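I am opening a notebook page on a structure that is new to me, and I want to write down what I look up as I go.

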Amino acid sequence: MPSRSHPRESHLSIRNPRSELMSESLQSLIDSGTKLYLDSVEPSEIDQNLKWGAVGATSNPAIISGIVKAGGFDDRIDALLSEGHDDEAIAWALTDELVSDAEKKFASIHESTAGNAGWVSFELDPILEDPDQSFSSADIASRYIELGKQWNAGHTNRMIKVPATEAGLLALEELAAAGITLNVTLMFTADQYHAAREAIWKGAQRAAESGVRSLDQFKSVYSIFISRIDVYTQKELPNLSADAQGQVGILNAKRIWKENQEFWADKNLKLEQELIFASTGTKSKDDPPWKYVAALAGSDIQTNPPATNEAVDASGKKFTSEVADMPSQAVQDEIDAALDIKAMHKFLMDEGVDKFVKPQRELLAIISAKREELTKQA
C-alpha cells in the first residue's frame, strides 16, 4: 500500500449511497479523505449519520447503557427476564442486538468496499480490567481471546474492540491469528501503537499461513485518543505557551499517523490498516467543536460523537486535508521538552481503565433496576 500524505482515490471513491442529504461541510470532510464513523449505535443516530455519509460505527458500554436507560427496551428486557437470564446475560444480549442491527445498516458499504469500510465495533467485557479484581494479565488475555472468538462468530462486518492494556495487548496476536478483525482502543501513546501493530501483524501472517484468512482480507484499526491528552496537559503542564497548549493530542496523533503510513507502505495489502482518531469531541469551551475534526481531516477514520457531527454539519466550514501538516518545529520542541510521556501514559491509562469499567457496571445496574421495575409491574 503506497504511503500518502494526501487522500487516495480509494478514499474518495467510498460513497455512502444514502448520503444525499449530507451537508456541504461534512461532504468536504469526506472529500478530504476522511472516513466518517459514528461513535454510537443508537438506531436513529445511525440513520441520521448514514444520511450524512458515515461509513461505520463504534460502540461501548457507555453508549449501550445510555440507549437502555432512555427506554424502549423494556419489552425486550421483560422477554429476556422471562427466559431466566441474569443481568449480565441481558446486558450482553442487548449489546449484541444493537451492534448487529447497526452492522446490517452498514453491510452494503462493507460489501461495496470489499471490507475497507462498513464496520461496527463490539467492545469486549471491560469488567475484566477492574483493578479491584485479582485476575492476572495472562488470565484476562485468555478471557479476551475466548470472548473475541465468541462475539465475532457469524459476523462479517464486526470489529472486536480490545483495549491497549497489558492484558489486551497480550491477546491481540492470537485474536488476529484466528482471523478476527480488531479495533485496538484506549490508546494514547506510540509505544501502545507499536505493541498493538506488531502483535496484530504477526497474528495476521499466522492466519494467512494457516489458511484461516488471506492477507487480502486483513484489516486492522488503532484508536488514538486525542482530547483527553489535551485535558491532561492543561492541568499538568499549565506553563505551555499558548501556541503549544491544546496541540499535544493533535501532534501525538499526527506522529503516530505518519508512522502508520510508513509501516504499511511496503506490505502490498489490499485493505488499509488505519488509525481511528477517537475522543474527537472538544472539552474546552474556548475551542470550536470541530477543532480536532479539522486538524485531522484528510485520512483514515474519525469516530465522532453525534454532537460533534451535528456541529460540523451546522458549521458551514469547508474542511481540507490537514493531517500531514505538523505544528511548527518550535511548538514540537517545546512539547517534547515539557512532556513526560511515561507519566502521561500512566495517568491516562489509569483514568481510561476507570472510564472503561464504570459504564459496564452502570449498564448492569440499569438492567437490575429495570428488572425490579418490571417485576413490580407484573
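Is Thr233 buried or exposed? Before answering I note that this is a predicted model, and I then find that Thr233 has 0% relative accessibility, so it counts as buried, the cut-off for that being under 20%.

I looked next at where this residue sits, and found Thr233 in helix H10, which covers residues 227–236. A polar atom of the Thr233 side chain lies 3.2 Å from the backbone oxygen of Asp230. Setting aside residues up to four places away in sequence, I listed what Thr233 touches, namely Pro238, Leu240, Gln245, Val248 and Leu339.

I then turned to the nonpolar cores. The largest one holds 102 residues, and the members that touch the most others are Val41, Ile77, Tyr144, Leu182 and Tyr222. Helix H15, residues 341–377, gives the largest share of this core, with eleven residues. There is also a second, separate core of ten residues, among them Trp52, Ala294, Val312 and Phe319.

Last, I went back to helix H15, where Asp354 is found. With a relative accessible area of 37%, Asp354 is partly exposed, because that value falls between the cut-offs of 20% and 50%. I also checked Asp354 against Gly56, which is 298 residues apart from it along the chain, and their C-alpha atoms are separated by 26 Å.

Note on methods: Residues are numbered from 1 along each chain as its sequence is written. This is a predicted model: local features need pLDDT of at least 70, side-chain atom pairs count only at pLDDT 80 or more; totals for chains, interfaces and linings use all residues. Side-chain values use heavy atoms; hydrogens and water are left out. A nonpolar core is a set of buried Ala, Val, Leu, Ile, Met, Phe, Trp, Tyr and Cys residues joined through side-chain atoms within 4.5 Å. Buried means under 20% relative accessible area, exposed over 50%, partly exposed in between (1.4 Å probe, protein chains only). Helices (H or I, at least four residues) and strands (E, at least two) are DSSP runs, numbered from the N terminus. A polar contact is a pair of N or O atoms within 3.5 Å; within protein, one must be able to donate a hydrogen and the other to accept it, and residues adjacent in sequence count only if both atoms are side-chain atoms. Contact means heavy atoms within 4.5 Å.
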